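The following exercises are to be worked through in order. Each task is followed by a solution in steps.

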Amino acid sequence: MGLGGCIILIAVGAILTFATDWDMQGVNLDLVGVILMIVGLIGVTTFSSIARRRRQVVVPPASTTVVDDRHRRDEY
């Protein structure tokens, strides 16, 4: 699940918790909304930690040695 899916889960959970007054028998929509928001927040933190690991910069070595083989080929 990407970052967009996590944000959608948070938005749907907030809508169910704060913007609706529906009553369903056997289902607490406020609790379902809170659970969706928590799952969305866990997804965002997981996604951001994985993205941070992918973006590590690898510094090239300070000294590079270039070997020129053209001179050796001419001698043979």
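**Exercise 1.** How many helices and how many strands does the secondary structure of the protein comprise?

*Solution.* The model under study is a predicted one. Its secondary structure consists of three helices and zero strands. Read from the N terminus, the order of the elements is accordingly α-α-α.

**Exercise 2.** Determine which element has the highest mean pLDDT and which has the lowest.

*Solution.* Next, turn to the elements. Helix α1, residues 3–19, has the highest mean pLDDT, at 94. Helix α3, residues 70–75, has the lowest, at 58.

**Exercise 3.** Decide whether T17 is buried or exposed, and describe its surroundings.

*Solution.* First, locate the residue: T17 lies in helix α1. Second, apply the cut-off, by which a residue is buried when its relative accessible area is under 20%. The relative accessibility of T17 is 15%, so T17 counts as buried. Third, list the contacts: leaving aside residues up to four places away in sequence, T17 touches D30, G33, V34 and M37. Finally, consider D30 in particular: the side chain of T17 reaches the backbone oxygen of D30 at 3.4 Å.

**Exercise 4.** What percentage of the residues of the protein count as buried?

*Solution.* Of the 76 residues, 14% count as buried. For the surface, the accessible area of the protein is about 6700 Å², and 62% of this belongs to carbon and sulfur atoms.

Technical notes:
Residues numbered from 1 in each chain as written. Predicted model: local features only at pLDDT ≥ 70, side-chain atom pairs only at ≥ 80, totals over all residues. Heavy atoms only, no water. pLDDT = per-residue confidence, 0-100. Helix = DSSP H or I, 4+ residues; strand = E, 2+ residues; numbered from the N terminus. Buried < 20%, exposed > 50% of the residue type's maximum accessible area, 1.4 Å probe, protein only. Areas by Shrake-Rupley, 256 points an atom, 1.4 Å probe, with all protein chains shown as cover. Polar contact = N/O pair within 3.5 Å; in protein donor to acceptor, adjacent residues only side chain to side chain. Contact = heavy atoms within 4.5 Å.
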